[in-house]
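Dear colleague,

Please find the structure below, handed over for your review. A summary of the findings follows it.

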Amino acid sequence: MNTPTTFGDTVVLEIAAIPEVFGVRLLLWGAFVAVLAIAGRTAVAGATTIAWRLGVDRARRLGRVAAIVRGCIWFGALLAAARPVFVKLPLLTTVTVAVVALLAAIAMPGLVQSVAAGLALAIRARYREGDQIEVAGLRGSIRSLGLVRTQLQVEDGSAVWIPNAMLDREAVKVDRSAGAAPVRVRFEIDPRQRDAVLDAIRRAVMMLPFRRSGSMPRLMATSDDQREWNVELQTWATRELDVVRRSLRRTVDGVLKKAAEKT
């Protein structure tokens with residue numbers, strides 16, 4: 001085969017080679033790379049969780065670092081999956097990537113701004129997982145940090161995804177006094193057993209493995225007759241709040257059940 005001497009010759013040759021590139025082998029290679037990327041992201045998340053549980057990263061800076069590493073894993077996986085295509089079709093691949101990037105910048109400027117903001121926030125380490133923040137009328141704890149969006153767990157337990165561009169653009173109030181995500185459970189007690197039951201709940205919650213080291217359970221009456229109460233646990237497991245809430249619910253129900261059996 002003659003070596004192409006002009007831009008047009010190169011384009012023609014690469015177009016003719018397209019059927020050779022896109023086939024079963026490329027599909028299998030892409031699937032293999034995707035599996036490795038998913039395994040890598042899972043390993044990073046697991047290592048971060050273990051570090052927090054052991055109290056190694058009390059400042060919780062690993063959350064943002066883990067977000068950067070996860071993004072790098074996906075980016076590296078994308079490059080690895082596209083490498084066979086680039087080797088065979090370097091010109092077409094370069095032009096396609098440039099056109100797609102230009103169209104994305106024009107059609108989705110918010111996405112580009114959020115990615116840029118995510119990188120800037122990661123470098124400055126302004127926020128950490130577990131921080132209590134208030135932004136644009138929303139208040140809650142940061143559950144996970146991403147390069148594009150940040151997940152906020154609001155007080156009713158629901159999750160809200162905030163574009164990083166908003167965190168970079170809006171005024172954000174950060175409260176790190178608790179240093180962990182709060183989980184609340186509501187329960188009812190007989191006022192005649194109040195002191196004994198509240199003390200038993202406090203002791204039981206203190207024994208939960210999800211409790212943030214150094215934090216204390218909070219018990220708050222929510223009714224005038226002091227029949228309805230909330231117990232609040234500060235947890236290090238910001239990504240497993242549903243699991244923590246169920247564990248806290250079972251613990252409280254167990255204490256209430258024992259108290260009811262004694263009456």
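**Salt bridges and other local features**

E228 has a relative accessible area of 28%, so this residue counts as partly exposed. Please note that the model is a predicted one. E228 forms a salt bridge with R186, and the closest N and O atoms of the two are 3.9 Å apart. This pair links distant parts of the chain, since E228 belongs to strand β8 and R186 to strand β6, 42 residues apart. R186 is likewise partly exposed, because its relative accessible area is 47%.

A further salt bridge joins the side chains of E232 and R184, with an N to O distance of 2.7 Å. Here too distant parts of the chain are linked: E232 lies in strand β8 (residues 228-235) and R184 in strand β6 (residues 181-188), 48 residues apart. Is each partner buried or exposed, or something in between? E232 has a relative accessibility of 3% and therefore counts as buried, whereas R184, at 34%, counts as partly exposed.

The structure holds 9 salt bridges. Another of them is formed by the side chains of D242 and R245, at 3.3 Å from N to O. These two residues are 3 apart in helix α8 (residues 241-262), so about one helical turn separates them. D242 is partly exposed, with a relative accessible area of 38%, and R245 also counts as partly exposed, at 24% relative accessibility.

Turning to the helices, T93 is placed in helix α4 (residues 90-107). T93 counts as buried because its relative accessibility is 16%, which is under the 20% cut-off. Its side chain reaches the backbone oxygen of L89 at 2.6 Å. Leaving aside residues up to four places away in sequence, T93 touches V85 and F86.

A116 is found in helix α5 (residues 109-124). With a relative accessible area of 47%, A116 is partly exposed. The C-alpha atoms of A116 and N164 are separated by 8.4 Å, while the two residues are 48 apart along the chain.

Definitions and conventions. Residues numbered from 1 in each chain as written. Predicted model: local features only at pLDDT ≥ 70, side-chain atom pairs only at ≥ 80, totals over all residues. Heavy atoms only, no water. Helix = DSSP H or I, 4+ residues; strand = E, 2+ residues; numbered from the N terminus. Buried < 20%, exposed > 50% of the residue type's maximum accessible area, 1.4 Å probe, protein only. Polar contact = N/O pair within 3.5 Å; in protein donor to acceptor, adjacent residues only side chain to side chain. Contact = heavy atoms within 4.5 Å. Salt bridge = Lys/Arg side-chain N within 4 Å of Asp/Glu carboxyl O.
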